[in-house]
Amino acid sequence: MRLPTLLLILAATVLAAYFLGRQRALSLARQTGGIRSLHSLPKYYGYYAALGALLPGIALLLMWAAFSESLITARVVASLPEVLRNQPEAQLGLTLNDIRNLAGGQMYDESRSAEFAVAADLYNSLRDASRKILAGLIIALSFSGFALAWFQLRPQFRARNRVEAAFRSVLVLASLLAIVTTIGILLSVSFEALRFFRQVPVSEFLFGLNWSPQTAIRADQVGSSGAFGAVPLFVGTLLISGIALLVSVPIGLMIAIYLSEYARPRLRRIVKPVLEVLAGIPTVVYGYFAALTVAPVIRLAGQQLGLEVASEAALGAGLVMGIMIIPFVSSLSDDAINAVPQAMRDGSFALGATRSETIKRVVLPAALPGIVGGVLLAASRAIGETMIVVMAAGLSARLSFNPLESVTTVTVQIVTLLVGDQEFDSPKTLAAFALGLMLFIVTLILNIIALHVVRRYREQYE
Amino acid sequence: MLRMEKPQDVVAPPADAVPAATPVEAPRIAPDTVGDVTARDAVICVRGANVHYGDKHALINVSLDVARNEVIALIGPSGCGKSTFLRCLNRMNDTIESARVTGDFRLDGQDMYARDTDVVMLRARVGMVFQKPNPFPKSIYENVAYGARIHGLAANRAELDDIVYGSLERAGLIDEVKDRLDDPGTGLSGGQQQRLCIARTIAVNPEVILMDEPCSALDPIATARIEDLIDELSEKYAIAIVTHSMQQAARVSSRTAYFHLGRIIEVGPTDKIFTNPSHKLTEDYVTGRFG
């Protein structure tokens with residue numbers, strides 16, 4: 001039986017369980033004197049019966065998904081001849097892959113020995129058997145689960161409480177999923193980063209001023225010895241994000257103040273979505289704009305002032321990135337400012353404050369947490385932005401605070417390290433994971449600091 | 001400021017612009033209203049005020065004086081225009097997009113709605129306390145200092161301290177908060193918050209204080225304290241108070257105006273309004289048959 005059919009049967013069982021459970025509750029009510037004699041509404045008895053049919057089946061399905069493959073593989077390995085079975089682990093993995101491919105009918109290699117064909121047949125038959133067992137077990141489980149629930153139904157049975165408890169645990173599971181995913185991402189990056197740090201000392205990575213990740217692939221190659229000092233990359237990231245925030249925070253904040261405090265509602269309804277379109281433009285398009293339009297203008301202006309401007313200056317990328325993240329600042333600040341109660345403004349106006357005094361002294365302090373939230377989101381977008389920098393700021397890892405020179409950022413380097421054919425165990429490739437881990441830690445620290453600042457300075461209304 | 005004060009320095013109260021009030025003349029000023037809308041020594045004179053919110057005619061041809069050192073209560077059923085009228089007196093209706101105000105509003109004889117009137121100065125002279133206490137999300141000290149700061153009333157910290165302590169004292173709050181002036185004003189109880197708002201208002205030294213149902217969100221004990229405070233404040237300020245509680249109007253005010261569907265139906269001394277009203281609608285309302 002195929003999986004979709006099985007799921008369909010399960011769904012039908014669950015649906016039937018719901019109606020049967022509800023029906024039983026209604027008939028119980030009829031026997032004992034009206035619906036008020038039931039502890040819960042009839043639909044809860046239905047839900048309870050449905051849950052009884054659903055949960056055991058789902059649990060089994062999940063367990064099957066987790067363990068069946070490894071169990072089958074173990075049996076297949078055990079059946080292999082001694083020679084194949086005693087291979088090193090990596091080699092064994094390749095053999096198993098071949099067997100799976102053969103079983104799936106994707107490989108017609110005549111040269112493979114008969115052992116492979118035997119193993120593939122075994123694999124196929126085991127899988128068929130496991131599917132059949134699964135289908136039978138699931139159907140049996142959901143019927144018995146339903147039966148168990150059905151016999152529990154009594155007028156005084158607390159179905160609502162049970163159903164709500166079940167629903168609450170679903171919610172808990174959902175929130176756990178987000179946390180577990182985050183931890184999973186962190187771990188997967190950390191393991192690769194650790195492998196990198198086994199080859200390159202942490203101190204060199206953190207404090208080295210030189211970044212040139214080209215390593216020798218063959219022993220007789222010249223030059224490329226590899227230097228993994230991440231400081232120039234973080235300085236570059238800081239420089240470009242800093243320029244972007246210098247552009248976006250004042251402009252975004254002023255837009256937000258205008259829209260929420262001065263503009264007529266009609267204008268606001270039109271302008272706000274238009275602004276948000278800015279955030280929807282693909283960053284590649286911003287990259288073109290930065291490289292083809294903004295960068296030449298900056299270079300021309302610089303030349304007229306007698307300044308040396310690189311054709312891929314950090315300034316151009318930063319400016320365009322700043323424009324890109326304006327909507328994050330303006331939209332979230334606008335929401336925060338709008339959430340400040342009108343009573344605050346009235347109180348200030350009634351004391352003879354002007355509109356601008358009211359905004360500066362009452363509205364903005366009260367809206368601070370939301371505004372900082374918007375700036376933070378904008379900052380993390382700026383730090384994580386890759387495309388604009390690739391196109392407009394270049395790849396050269398120069399340690400410089402001069403916005404007129406070309407710099408590179410952490411994310412750009414991660415991309416260049418991972419594109420193309422790579423050896424997975426060379427420090428060059430692994431450096432990408434170390435950079436990712438560092439970036440994660442840096443943004444985490446930024447977030448914590450910002451949260452702290454907000455908690456310290458916010459003025460809480462209500 | 002100086003220019004504004006001149007008329008009253010020179011001769012008599014500017015209410016003289018309107019001929020000294022006699023009950024006989026009253027119908028000429030306010031044909032819709034029973035009783036005398038004028039007051040001796042008036043600080044605010046309103047004649048023929050109309051307010052439209054979009055298509056809604058919320059206030060219809062209303063005339064009323066507010067005298068110095070009096071407490072005038074504005075009563076009436078919900079939606080009768082009393083709060084609208086109150087908000088005209090310091091031009092708070094300016095903040096409502098759709099509101100249109102016409103009529104003659106004078107503060108010390110000066111036209112409040114004249115083109116060259118500075119609404120900031122006007123609101124400094126006519127303070128307002130709102131229905132729901134709305135302290136700023138700042139410290140207690142900063143709440144009271146706010147008005148003094150924006151109007152530059154204090155030259156240095158010592159003067160500002162004087163203003164803050166003095167205002168809190170007059171608002172009857174100083175004993176409760178003197179040890180925690182740096183705590184947020186929003187952490188006080190409802191009644192304390194409302195007294196903080198009153199302290200904040202008197203810190204800018206207004207001539208008139210408008211109160212829009214200042215006790216409707218408070219418990220009876222806090223209400224009693226505010227009412228005592230209104231009594232004390234009336235020695236120094238003119239107070240116009242909107243209230244839904246007729247007992248409160250009877251307790252705190254010397255004059256009462258009854259609003260009904262955007263008009264003032266009757267104005268008179270509070271005891272007369274409550275014991276012997278002339279108009280049928282007023283009688284229905286104060287005896288609880290309507291409203």
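Among the contacts in chain B of this predicted model that join residues at least 6 apart in sequence, 69% link residues at least 24 apart. Chain B has 291 residues, of which 49% count as buried, and its secondary structure comes to 12 helices and 10 strands.

Six strands of chain B form an open sheet with mixed pairing, in the order β6-β7-β8-β3-β9-β10. Because β6 and β10 (263-269) of chain B stand at the edges with a single partner strand each, one side of each is left without a neighbour in the sheet. Neighbouring strands of this sheet are turned against each other by 20 degrees on average, with direction ignored. Within the sheet, β7 (residues 208-212) and β8 (residues 238-242) of chain B pair in the parallel sense over five bridges, and Val208(B) stands opposite Ala238(B) in β8(B).

Where chain B meets chain A, 23 residues of chain B are in contact with 18 residues of chain A. The elements α4 (119-125), β6 (126-129), α5 (140-150) and α8 (190-202) of chain B each supply at least two residues of the side that touches chain A, and the largest share, four residues, comes from α4(B). The classes of the residues on this side of chain B are set out below.

| Class, side of chain B touching chain A | Residues |
|---|---|
| Nonpolar | 11 residues |
| Polar | eight residues |

Terms used
Residues numbered from 1 in each chain as written. Chains lettered and ligands numbered in written order. Predicted model: local features only at pLDDT ≥ 70, side-chain atom pairs only at ≥ 80, totals over all residues. Contact = placed C-beta atoms within 7 Å. Nonpolar A, V, L, I, M, F, W, Y, C, P; charged D, E, K, R; others polar. Buried ≥ 20, exposed ≤ 12 C-beta atoms within 10 Å, placed from the backbone. Pairing = 2+ DSSP bridges. Axes fitted to C-alpha atoms, helices over the stretch in contact; angles between N-to-C directions.
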